[in-house]
Amino acid sequence: MSETIRDGKFVEITYKVTDKKTGHVLTRVDFPLGYVHGHNEILSPSVHTELEGRSAGDVIEVPIDGSQIFGPR
């Protein structure tokens, strides 16, 4: 039985960021990045929301608007 991601749960993830227009991989993290869900906001809030309730091995795809994170160009 796999536990689900929830507040206070230690989570390790790998990820990649891909430009939707060009398909180019902008960054990739192949070694697990660890954080405590709901306590360490290290990723975009939309990523944290999408991870809630997921289990080990699940793959998610979350569109991220860079202007919301970094401000307008």
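**View 1. Gly-71 is placed in the segment after α2.** Helices (H or I, at least four residues) and strands (E, at least two) are taken as DSSP runs and numbered from the N terminus. The model shown here and in the other views is predicted, so that local features need pLDDT of at least 70 and side-chain atom pairs count only at pLDDT 80 or more, whereas totals for chains, interfaces and linings use all residues. Residues are numbered from 1 along each chain as its sequence is written, and side-chain values use heavy atoms, with hydrogens and water left out. Gly-71 counts as partly exposed because its relative accessibility is 25%, the classes being buried under 20% relative accessible area, exposed over 50% and partly exposed in between (1.4 Å probe, protein chains only). Between Gly-71 and His-24, which are 47 residues apart along the chain, the C-alpha atoms are separated by 22 Å.

**View 2. The chain as a whole follows the pattern β-β-α-α along the sequence.** It contains 2 helices and 2 strands, and its C-alpha trace spans about 40 × 20 × 20 Å along the principal axes. Of the 73 residues in the chain, 14% are buried. Among contacts (heavy atoms within 4.5 Å) with a separation of 6 or more, 38% are made by residues 24 or more positions apart.

**View 3. Strands β1 and β2 form a hairpin.** The two strands pair in the antiparallel sense over 8 bridges, where pairing requires that DSSP finds at least two bridges between two strands. One of these pairings joins Phe-10 to its bridge partner Val-36 in β2. There are 6 residues between the strands, and in the turn Gly-23 has a positive phi of about 80°. Val-29 is located in strand β2, and, when neighbours within four places in sequence are left aside, Val-29 is in contact with Thr-14 and Tyr-15. Ile-13 is 16 residues from Val-29 in sequence, and the two are 8.5 Å apart in space, C-alpha to C-alpha.

View 4. With a relative accessibility of 5%, His-48 counts as buried.

**View 5. The largest pocket has a volume of about 1600 Å³.** Of the 45 residues that line it, Tyr-15, Lys-16, Val-17, Val-62 and Ile-64 are the closest to its centre. On a 1 Å grid over the protein atoms alone, a pocket is an open set of points where a 1.4 Å probe fits, with protein on both sides within 12 Å along at least five of seven lines, and lining residues have an atom within 4 Å of a point. Grid points are joined across faces, edges and corners, and the volume is the space filled by probe spheres set on the points. At least two lining residues come from each of β1 (10-18), β2 (25-36), α1 (45-51) and α2 (66-70), and β1 gives the most, with 9 residues. The lining divides into 21 nonpolar, 10 polar and 14 charged residues, with Ala, Val, Leu, Ile, Met, Phe, Trp, Tyr, Cys and Pro counted as nonpolar, Asp, Glu, Lys and Arg as charged, and the others, Gly among them, as polar.

**View 6. The salt bridges found in a search of the whole structure number 3.** A salt bridge is a side-chain nitrogen of Lys or Arg within 4 Å of a carboxyl oxygen of Asp or Glu. Side chains of opposite charge can pair when their charged atoms come close. Glu-3 is joined to Lys-9, with the closest N and O atoms 2.7 Å apart; Glu-3 is partly exposed because its relative accessible area is 47%, and Lys-9 is partly exposed at 22%. The side chains of Asp-30 and Arg-28 meet at 3.0 Å, N to O. Asp-30 is exposed, with a relative accessible area of 53%, whereas Arg-28 is partly exposed, with a relative accessible area of 47%. Arg-54 forms a salt bridge with Glu-50, in which the closest N and O atoms are 2.5 Å apart. Arg-54 counts as partly exposed at 26% relative accessibility, and Glu-50 counts as partly exposed at 30%.
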